Structure formats: C-alpha cells, structure tokens
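Trainee: I would like to go through this model term by term. Please set each value against its cut-off.

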Amino acid sequence: MTAWEENVRKAVPYVPGEQPRFDGMIKLNTNENPYPPAPGVQKALREMEAGQLKLYPDPGAGMLVDALAEYYQLGRDQIFVGVGSDDVLAMSFLTFFNSAKPVVFPDITYSFYEVWASLFRIPFRTPALDEEFHIRKEDYYGENGGIVIANPNAPTSVCEGIEVIEDIIRHNPGCVVIVDEAYIDFGGVSARSLLETYDNLLVVQTFSKSRSLAGLRIGFAMGSSKLIAALNNVKYSFNSYTMNLPSIILGTEAVKDREYFIETTRRVIRTREEAKRALRALGFTFPDSRTNFIFARHESIPAAQLFAALRKQNIFVRYFDKPRIDQYLRITVGTDEQMKKLTDYLKAYISAQTEGREYENLSD
Ligand SMILES: *Cc1c(COP(=O)(O)O)cnc(C)c1O
C-alpha cells in the first residue's frame, strides 16, 4: 500500500436492492409504494417552472417543516428534514453517538446501521433477536453509547409494542434512543407520543414508503427542540442546502393530503393481509407483518432457489444471504394484480417442484 493509500478512509458500503427498470417487470424488492403520490404532488409538479431553480432553496426547508409540524402536532423546532431518512439517520449517528461506550442495535436489522457506525468509527454491539425475531429488551439495559431500533424492523417485518420501546427508553436516560419508523404507517404504533416525556428520543420517518415518494428523497426526524437544534448544528456544518426546491414543494403537497395518505396505506394493508393468506396456503410461514412487505420462508424449497426462479420471470424480490435469514424472501406488497401474479407463479412452481417436474414459465 502506498503512503497516501494508508490515509484513505476505508468504508464497506451498504448494498441497496437492484433497481431494474423495464416494462412488465414486477418490482417487489425495495419496499416502494405501488401507488402514485397524492394528486396535489402531481399538480404541483406540472406547475413547477425551471426558472424557479436559479435561486438557492430555503436552507431550513421551512414550508415542509411547517407542514409536518402541523400534521403531527409538534413545534417547528421539533422537526428536522433530510435527503431521505438515510441522510437523517447518518446525520443522527454523527451528531449523537460520540461516546466511547458502544451503540446498540439488533443482530438482524437495517444493515446501514453497521455501515454508518463503521464509517464514523463508533463502537457498537448487536444483541441477537429471539427465535421469533423479537427484541429482548434486557439486552438494551446498562451503560450504552446510544440505541437504534427499527420499529417495525427490517427485513423481519416484526413490530414491537410501544411498551417495549418505552421500557428501553426509560432504561437509557444517559444516551439518545433513535426509533427508525420507516414502516410505522402500515399498522404499528408510533413512539411519537413518547416525545412529551423523553427528551432523548428521536423518531425518524420517511416519505419513501407510505408516501410514495422514494424518488424524491425525503426523510425527517421528530424530537425535543434540544435534539433538533443539535442535528441542525451538524447539518449546517456540513451542507446548508440539503433539500432541493422540488423536494420541498412536492413533499409539502404530499403531507397536506391526509385522506389520500390514509386511503393508500389502507389499500396496501388490505393487499398484504390477502397476500398473507395466499402465501400461507402455499406452505410459507412468516412473522405477522406490520409493514409493506412480508418476510417469508417456504417449508421445503430453499429461498435462494425461489428467488432465482422468480427473477427469471422478471418478478423481483429481495434475498439476503446472511446468517439466520438465508431461508427467507422479503416480498414487498404491490398491487392486488402484482401479488396475484406472484402467488400464481409460486403456486405453479411449487407444485411442479413437489411433483418433481421442471417448471419455468407461466405460459408453458
Ligand atoms: C427504507 C428504509 C430507510 C431509508 O429510507 P429513505 O428512502 O432513505 O428515506 C431507513 N430505514 C429503514 C429501516 C428502511 O427500510
């Protein structure tokens, strides 16, 4: 290694799911919403003019912060917005995890946590989830440098009750507890109500899943004004203008349409419950998802084999070749039609396998 190479920051990056883009694909691999954003977003997009882009955007994204403050009944000094919740979470790691004591998150969770901890040289430990993929709350007691919990968790889809989250916060008054609620709108109970009681709680959410705006990159954090001020100090020491103008304008429109948001999340939940029945009938088992995906294993066919067979049909799901979860597929809940294509194909494939026949194509 040359001298300068020794001084390069070594990073092992997060690997996002593949992003295929062609007609006819069934994309159920990165937990996007199958429905378009709210009509107000489409209207504002049409009305936007290129001339608006010649000026810098509002560095505080005030319009978007105000809309979120009103929606969630919080002060505007209790909200921080960023370029997707990945940006908000990375900024939070940098801001709040500066202790020599380890930060704690589960062994099976969003794999970006480990990537950021390594990048920022934050010590961490990863206690194992139990056999049902639930948190053992006692693992989070004691002297910690910080806590990060995805609730519901990814990729397991398991949601902890609010009392488990509160118990962990109560046992950790000496560090910041981050609850990553990327999937909370699909049936979980948010820790937001605990913000009044705990000034060391940071709740992080995203527009990428329940608000159908993965392409826009908007995430936000809710917390005490002290936490939010600390986040802003770090953000303004890094890049003043993180949120671009279209994101501020279109994101605000998305927040304003409460009815559309409720209707589309309901639809996803309805499709998920139907998909659970169909998958169970095919010999799959899974935790009781409270997210927009199902984390399923088959009773006899290896997950890697099912993943490859589906991929050949241009049906994309996610497979993690990792300890404890290498027999599971993470299947995003799409439209009813997409889920029917998925389960129809699985039905034909699985019965052919069970009878020892080769089976490839739906149209055979
Ligand atoms: C999708 C996801 C995120 C990141 O979402 P953004 O698109 O960056 O807002 C964060 N945490 C979890 C657990 C996720 O699944």
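Mentor: Start with domains: their bounds come from an automatic or database domain assignment. Here that gives domain 1 (4–34 + 259–355) and domain 2 (39–257). The C-alpha centres of domain 1 and domain 2 lie 24 Å apart. This is a predicted model, where local features need pLDDT of at least 70 and side-chain atom pairs count only at pLDDT 80 or more, while totals for chains, interfaces and linings use all residues. Residues are numbered from 1 along each chain as its sequence is written, and side-chain values use heavy atoms, with hydrogens and water left out.

Trainee: How do you know how many residues from domain 1 and domain 2 are in the contact?

Mentor: Contact means heavy atoms within 4.5 Å. By that rule, domain 1 supplies 30 residues and domain 2 supplies 35 residues.

Trainee: What area do domain 1 and domain 2 bury between them?

Mentor: About 2,700 Å², with 61% of it on carbon and sulfur atoms. Buried area is the accessible area (1.4 Å probe) that two parts lose on being put together, summed over both. On the domain 1 side, Tyr14, Phe261 and Arg324 lose the most area to domain 2, together 28% of what that side buries.

Trainee: What makes the pair arginine 324 and aspartate 107 a salt bridge?

Mentor: The rule asks for a side-chain nitrogen of Lys or Arg within 4 Å of a carboxyl oxygen of Asp or Glu. The side chains of arginine 324 and aspartate 107 meet at 2.7 Å, N to O. The pair qualifies as a salt bridge. Across the interface of domain 1 and domain 2, the rule finds 1 salt bridge.

Trainee: Why is lysine 276 called buried?

Mentor: Buried means under 20% relative accessible area, exposed over 50%, partly exposed in between (1.4 Å probe, protein chains only). Lysine 276 has 2% relative accessibility, so it counts as buried.

Trainee: And why does arginine 267 count as partly exposed?

Mentor: Its value is 31% relative accessibility, so arginine 267 falls in the partly exposed class. Arginine 267 lies in helix α9. Lysine 276 lies in helix α9 (residues 258–281) too. Helices (H or I, at least four residues) and strands (E, at least two) are DSSP runs, numbered from the N terminus.

Trainee: What makes the pairing of lysine 276 with glutamate 273 a polar contact?

Mentor: A polar contact is a pair of N or O atoms within 3.5 Å; within protein, one must be able to donate a hydrogen and the other to accept it, and residues adjacent in sequence count only if both atoms are side-chain atoms. The two side chains meet at 2.9 Å, and the pair counts. Leaving aside neighbours within four places in sequence, lysine 276 also contacts Phe286, Asp288, Ser289 and Ile294.

Trainee: What makes a nonpolar core?

Mentor: It is a set of buried Ala, Val, Leu, Ile, Met, Phe, Trp, Tyr and Cys residues joined through side-chain atoms within 4.5 Å. The largest has 54 residues; Leu64, Leu68, Val81, Leu201 and Phe207 have the most contacts inside it. Helix α3 (residues 62–72) gives the most to this core, with 7 residues. The core draws at least three residues from each of domain 1 and domain 2.

Trainee: How do you know that α3 is mostly covered?

Mentor: Of its 11 residues, 8 are buried. Among them are Leu64, Val65 and Leu68. The buried residues of α3 pack against β2 (79–82), β7 (201–206), β8 (219–223), α8 (245–256) and α9.
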